[in-house]
Amino acid sequence: MSRPLHGGNLRWAADIAGCSPNCILDFSASINPLGPPESAISAIQTHLDTLTAYPDPSYQSICQVLSEVHQLPVDWFLPGNGSAELLTWACRDLAQLAWTGVLKPAFADYQRALKAFQAQIRPLPLNLRQIQHQSSSELIEQALQIARQSADSAQAGLLLNNPHNPTGGLISIHQIEPFLEQFPLVVVDEAFMDFLPVDADYSLISKVQDFPNLVILRSLTKFYSLPGLRLGYAIGHPDQLRPWQQCRDPWSVNSLAVMAGIAVLGDRAFQNKTLSWLPPVRTELMQGLVALGAYPLEGAANFLLVQTKVSVPLLQELLLKHHRILIRDCLSFPELGDQYFRIAVRTQADNQRLLTALADCLPRLSV
């Protein structure tokens, strides 16, 4: 089985570890370890009878809830089979432009979706060699300046994720606003935005009605630990989203995913529990990594990008064979090479198990 491009491939990991996939402790996929919420499980169980009917192709029920949550009209939302489906349609639109600026390193699916429509990609590289002297947010700002100064930007698009994956750095509204004035289309992937404190002012949802060239992608699977259901949504001007709905396969979102989505969007208790859990355990995990001689980048999401002095594929193999722990290598980010790994922030007990395993494996590779 070939090396996976994404995290969460437990079958691949289990083949290396020589065990069942359910024996693997997965740090490779950035999924909330506190979920899925009981509200989602209950909604699925309650609505099993909906399996005998096709879903409403307009998804009015969940769009109405999204409208109430984000204080926008119902027709400014388009649910999707995960945000990945919606990313594909966004990249189809971006491919119609002269070029699309993408921060590098970048989530591998951006390359896939843009290349599927023969888009011209213009890399906006982050100089991670300066990360010990500047924050990831400062490096992002330097990369964005390249795009702002492009003479041909009037025919260009921009694809960003905020918080940035894989560094976890944040991009302020102030940093993005000039592009909204300058570029015909700006797509912002906010898949990890829910992990930020409620008073953090980084989401562009408040700007979407002011800029018809702005599309925001959101995920409901990472924060609520529902990746197997595949549920996300796009926010944008109806004229931008309507063609996506008309061109894509009908019934992209299954009825149980809709019911679970409606339930979790109103689950304030789970949201508050997650936002209270994350900051202290993320800080503790960072401190543990530093004590082991690794260099974690300080990020705002529920994952950490970590630089080491050893070969991560070899470290990954040792962790699987000796501890049944899966970390995410960063080989799918060509700019990073083989000395970076990315890990989810999990429970305190899980994090300590990882640190103990790293303390065992890192010295074996340092000799």
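Predicted model: local features only at pLDDT ≥ 70, side-chain atom pairs only at ≥ 80, totals over all residues.
**Entry 1**

Seven strands make up an open sheet, and I read their order as 2-8-7-6-5-3-4, with mixed pairing. Which strands stand at the edges? I found strand 2 (77–80) and strand 4 (121–125) there; each has a single partner strand, so one side of each lacks a neighbour in the sheet.

A reminder to myself: strands of a sheet pair through backbone hydrogen bonds, either parallel or antiparallel. I then picked one pair to follow. Strand 5 (residues 156–161) pairs with strand 6 (residues 185–189) in the parallel sense, over five bridges. Within that pair, Leu 160 sits opposite Val 188 of strand 6.

**Entry 2: helices on the sheet**

Next I checked what packs on the sheet. Helix 3 (residues 60–70) does, and it touches strand 2, strand 7 (214–219) and strand 8 (232–236). The direction of helix 3 makes about 125° with that of strand 2. Helix 7 (residues 173–182) packs on the sheet too, touching strand 5, strand 6 and strand 7. For helix 7 I noted an angle of about 150° with the direction of strand 6.

I went back to helix 3 for its buried residues: Ile 62, Cys 63, Val 65, Leu 66, Ser 67 and His 70. These pack against strand 2, strand 7 and strand 8, and also against helix 9 (255–265).

**Entry 3: helix 9**

How many of its 11 residues are buried? I get nine, so I'd call helix 9 mostly covered. Among them are Leu 256, Val 258, Met 259 and Leu 265. The buried residues of helix 9 pack against helix 2 (38–46), helix 3 and helix 10 (268–291). At the start of helix 9, I saw a side-chain oxygen of Asn 254 within 3.0 Å of the backbone nitrogen of Leu 256.

**Entry 4: Asp 93**

I looked up Asp 93 and found it in helix 4 (residues 82–94). Is Asp 93 buried or exposed? It counts as buried, because its relative accessibility is 17% and the cut-off is under 20%. The side chain of Asp 93 makes a polar contact with that of Trp 244, at 2.9 Å. Setting aside neighbours within four places in sequence, Asp 93 is in contact with Leu 185, Gln 240 and Trp 244.

**Entry 5: His 164**

His 164 lies in the loop between strand 5 and helix 7. I noted 0% relative accessible area for His 164, so it is buried. A polar atom of its side chain lies 2.9 Å from the backbone oxygen of Pro 105. Not counting residues up to four places away in sequence, His 164 touches Leu 103, Pro 105, Leu 126, Ile 140, Gly 169 and Phe 303.

**Entry 6: cysteines**

Last, I looked for disulfides, and the count is zero. Cys 91 is buried at 0% relative accessibility, whereas Cys 247 is partly exposed at 43%.

Technical notes
Residues numbered from 1 in each chain as written. Heavy atoms only, no water. Pairing = 2+ DSSP bridges. Helix = DSSP H or I, 4+ residues; strand = E, 2+ residues; numbered from the N terminus. Contact = heavy atoms within 4.5 Å. Axes fitted to C-alpha atoms, helices over the stretch in contact; angles between N-to-C directions. Buried < 20%, exposed > 50% of the residue type's maximum accessible area, 1.4 Å probe, protein only. Polar contact = N/O pair within 3.5 Å; in protein donor to acceptor, adjacent residues only side chain to side chain. Disulfide = S-S within 2.5 Å.
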